[in-house]
Amino acid sequence: WTKSISSGSLGVAAAFAFAPVGQAEPFGLFAAIVAILFIAVTGILLIADLKRPERFLFIFLKPNFRSWLVWGAYIIAVFGLLATLWGGAALLGIGMSAPLAIAAILAAAAAASYSGFLFGQAEGRDFWQSPLLPLHLVVQAAVAGAGVLAIGAVALGGTPPPPLVAALAAGVALHLIVVAAELWTPHADRDAATAAGAMTKGPDAPLFWYGAIALGVVVPLAVLALGAAGMLPAAAAAAAGGATATAGLLAYEHSWIRAGQAPPLS
């Protein structure tokens, strides 16, 4: 979830660097600060989760290039460098160049999606073997990034540009489609089906239905629609939609992680 916020903020900001003049403007220093802060939190959480945190340096000193854990560490390092360059350019008032924006988009997509391949290497957990997972993580990053940038635009006294609000709504809708595809299409085996059932009917079902779906999908789409119709202030609707969509992603990730571990290994 923290990695989605980080990669999404920089990736969406970089994408808006190519928007036509007058429709949107690139988000500069704010996006870089969010990206750097949350990728740092991500790194701290990943290292703290190790049984032997002091061995983290082995990823660089004795890398196993068959592991996505190693590739993920390198991707995060490159992403952090590009986020720093983006922030430096914004701080110095330098226009965002097309090569920097393209590199930022690619690094953001890689940082968001590599966890899908990492989970895929946990071969004992069939639910995590979905081929849609890397794509879904990119979609989640786009939702989190657009949501946080919308909140930031309002907090800084502005109004989120309409293309950003549209991107947020489209991301939430696509997220719902992928969730439906992962949970309710036929599964490869009984363990994957059991995990999907645990997510929607098990102990974490309230978190999934009320947190991930109601709070993270229904509420954002509703408030964004009301804002577009002029029934709510546009800025307030965008900020509320961004906040609820991002919070809903946290509920989804928590329930998804736990559901994958529901089937016994033996």
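A residue is called buried here when its relative accessible area is under 20%. The model is predicted. By that cut-off, both Phe127 and Trp256 are buried.

The structure holds 13 aromatic pairs. Phe127 and Trp256 form one of them, a tilted pair with 6.1 Å from centre to centre and 40° between the planes. Phe127 sits in the loop between H5 and H6, and Trp256 belongs to helix H10, so this pair ties together parts that lie 129 residues apart in sequence. Trp184 and Trp209 form another tilted pair, with ring centres 5.9 Å apart and planes at 35°. Here the partners come from helix H7, which holds Trp184, and helix H9, which holds Trp209, so the pair ties together parts 25 residues apart in sequence. Trp209 is partly exposed, at 38% relative accessibility. Elsewhere, ring pairs join Phe60, Phe65, Trp71 and Tyr74 into a cluster.

Glu182 is found in helix H7, which spans residues 162-184. The side chain of Glu182 does make a polar contact, at 3.1 Å, with the side chain of Tyr252.

Side chains of opposite charge can pair when their charged atoms come close. A search of the whole structure finds one salt bridge. This bridge joins the side chains of Asp204 and Arg258, at 2.4 Å from N to O. The two residues are 54 places apart and link distant parts of the chain. Asp204 lies in the loop between helix H8 (190-201) and H9, while Arg258 lies in helix H10. Their surroundings were also examined. Asp204 is buried, with a relative accessible area of 14%. Arg258 is partly exposed, at 44%. His254 is likewise found in helix H10. Its relative accessible area is 41%, so His254 counts as partly exposed. The C-alpha atoms of His254 and Asp204 are separated by 8.8 Å, although the residues are 50 apart along the chain.

The largest nonpolar core has 40 residues. Leu10, Phe27, Phe79, Trp86, Leu149, Leu164 and Leu168 touch the most other members. Two or more residues of this core come from each of helix H1 (2-15), helix H2 (29-48), helix H4 (68-91), helix H5 (98-120), helix H6 (133-155), H7, helix H9 (205-228) and helix H10 (234-260). Leu164 illustrates the packing. Apart from neighbours within four places in sequence, Leu164 is in contact with Val12, Phe16, Phe27, Ala146, Leu149 and Ala150. A second, separate core has 16 residues, including Phe127, Leu133, Phe208 and Tyr252.

How values were computed
Residues numbered from 1 in each chain as written. Predicted model: local features only at pLDDT ≥ 70, side-chain atom pairs only at ≥ 80, totals over all residues. Heavy atoms only, no water. Helix = DSSP H or I, 4+ residues; strand = E, 2+ residues; numbered from the N terminus. Polar contact = N/O pair within 3.5 Å; in protein donor to acceptor, adjacent residues only side chain to side chain. Core = buried A, V, L, I, M, F, W, Y, C linked by side-chain atoms within 4.5 Å. Buried < 20%, exposed > 50% of the residue type's maximum accessible area, 1.4 Å probe, protein only. Contact = heavy atoms within 4.5 Å. Salt bridge = Lys/Arg side-chain N within 4 Å of Asp/Glu carboxyl O. Phe/Tyr/Trp six-rings, centres within 6.5 Å; stacked < 30°, edge-to-face > 60°.
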